[in-house]
Amino acid sequence: MKPPHNDAVAWVTGAGKGIGRALALRLAAAGWSVAASARTEEDLASLEAACPSRRITGFPLDVTDAAGTEAVVAQIETRLGRLDLVVLNAGTHAPTPVTKFSTATFRRLVDTNLMGAVHGLEAIIPRLIARKAGRIAVVASLAGYRGLPTAAAYGATKAALINMCEALRPELDKHGVVLQLVNPGFVQTPLTDKNDFTMPFLMPVEDAVEKIMRGLRGGAFEIAFPGRFVFLMRLLRHMPNRLFFALTARMIG
């Protein structure tokens with residue numbers, strides 16, 4: 001995705017590792033000035049050093065902090081200029097088997113995956129509406145299509161992001177702001193490296209980023225990949241409950 005003008009600015013959250021890091025580097029290579037946010041300052045320093053063009057600037061942020069998010073957005077626009085593209089990518093995962101059902105796990109994932117995106121939207125939406133321009137991409141997951149065993153908390157946050165973006169899209173359209181939803185399948189990152197199960201259609205992070213970059217060039221609401229996994233998950237979305245639960249029961253033995 002080429003920047004719309006020479007001094008175009010993009011902000012990527014969750015940029016310390018995985019998809020966020022690779023996307024920040026790809027945007028910088030395409031000519032964007034990139035504001036990169038993550039909790040760990042060492043990760044941001046490493047990211048800045050890895051960018052040959054020096055077009056990435058780190059802005060440390062814990063996305064669970066609403067006031068901190070607003071302050072970082074103000075800092076970005078003061079230092080780099082008005083934001084043209086925002087990618088709300090920060091997220092985490094923790095398995096939630098029913099035998100370890102935990103309020104603490106749910107709260108941690110909701111605070112990061114869902115409220116982290118909400119805080120970013122709260123900070124950026126008024127600015128983009130005032131300008132009647134800009135693009136927002138919210139990273140959810142194909143796991144938000146239907147509930148899967150041991151992913152009750154993670155899937156719930158991703159389903160909430162999907163529903164939220166569906167609600168916001170037509171309203172933002174009227175204000176000249178493009179909202180897109182990114183639904184990846186399994187992407188090889190430090191987060192998925194922790195999984196102890198076979199991940200179908202696992203794809204390299206570089207391929208995932210290319211899918212995102214291609215999607216950001218257009219106006220389609222959903223950017224979902226890889227194609228075969230999207231097809232299967234959409235089948236599950238429309239599968240009768242009796243068949244769906246018979247299938248997911250096999251996943252837990």
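Colleague: Which residues of α6 are buried?

Modeller: This is a predicted model, so read each value as computed from it. The buried residues of α6 are Val 205, Ala 208, Val 209, Ile 212, Met 213, Gly 215 and Leu 216.

Colleague: Why do the buried residues of α6 line one face of the helix?

Modeller: Start with the general idea. An α-helix has 3.6 residues a turn, so residues three or four places apart point the same way. Now the case here. Looking down the axis of α6, the buried residues fall within an arc of 165 degrees, so they line one face.

Colleague: How far apart are the end C-alpha atoms of α6?

Modeller: They are 16 Å apart. Helix α6 covers residues 205–216, which is 12 residues. At 1.5 Å a residue the span should be 16 Å, so the two agree.

Colleague: Is Lys 211 buried, exposed or partly exposed?

Modeller: Lys 211 lies in helix α6. Its relative accessibility is 36%, so it counts as partly exposed. Buried would need under 20%, and exposed over 50%.

Colleague: Which residues is Lys 211 in contact with, leaving aside its neighbours within four places in sequence?

Modeller: Those are Met 203, Ile 223 and Phe 225. Ile 223 and Phe 225 form the covered face of strand β9.

Colleague: Which face of β9 is uncovered?

Modeller: The face with Glu 222 and Ala 224. Strand β9 spans residues 222–225. It runs parallel to β6, residues 178–184, and four bridges join the two. Pro 184 stands opposite Phe 225.

Colleague: What kind of peptide bond joins Phe 225 and Pro 226?

Modeller: First the background. Most residues other than glycine have a negative phi, and most peptide bonds are trans. The bond between Phe 225 and Pro 226 is cis, with omega about -5 degrees. Pro 226 lies in the loop between β9 and α7.

Colleague: Which residues other than glycine have a positive phi?

Modeller: Thr 150 is one of them, with phi near 70 degrees. Thr 150 sits in the loop between β5 and α5. At 41% relative accessible area, it is partly exposed. Phe 201 is another, with phi near 60 degrees. Its place is the loop between β7 and β8. Phe 201 is partly exposed too, at 27%.

Colleague: What covers the picture for β2: which of its residues are buried?

Modeller: Strand β2 runs over residues 33–36, and both faces are covered. Ser 33 and Ala 35 are buried on one side, Val 34 and Ala 36 on the other. Strand β1 pairs with β2 in the parallel sense over four bridges. Val 9 has Ser 33 as its bridge partner.

Colleague: Where is Val 72 found?

Modeller: In helix α3, residues 66–79. Val 72 is buried, with a relative accessible area of 4%. Its C-alpha atom and that of Ala 35 are separated by 9.7 Å. Beyond its neighbours within four places in sequence, Val 72 is in contact with Trp 11, Ser 37, Phe 59, Pro 60 and Leu 61.

Colleague: How many helices and strands does the protein chain have?

Modeller: Eight helices and nine strands. The radius of gyration is 18 Å, close to the 18 Å that the globule rule gives for 253 residues, so the chain is as compact as a globular protein of that length. Buried residues make up 49% of the 253.

Terms used: Residues are numbered from 1 along each chain as its sequence is written. This is a predicted model: local features need pLDDT of at least 70, side-chain atom pairs count only at pLDDT 80 or more; totals for chains, interfaces and linings use all residues. Side-chain values use heavy atoms; hydrogens and water are left out. The expected span of a helix is 1.5 Å times one less than its number of residues. Buried means under 20% relative accessible area, exposed over 50%, partly exposed in between (1.4 Å probe, protein chains only). The arc is that of the directions from the helix axis to the C-beta atoms. The radius of gyration is taken over C-alpha atoms; the globule rule is 2.2 Å times the number of residues to the power 0.38. Two strands pair if DSSP finds at least two bridges between them. Contact means heavy atoms within 4.5 Å.
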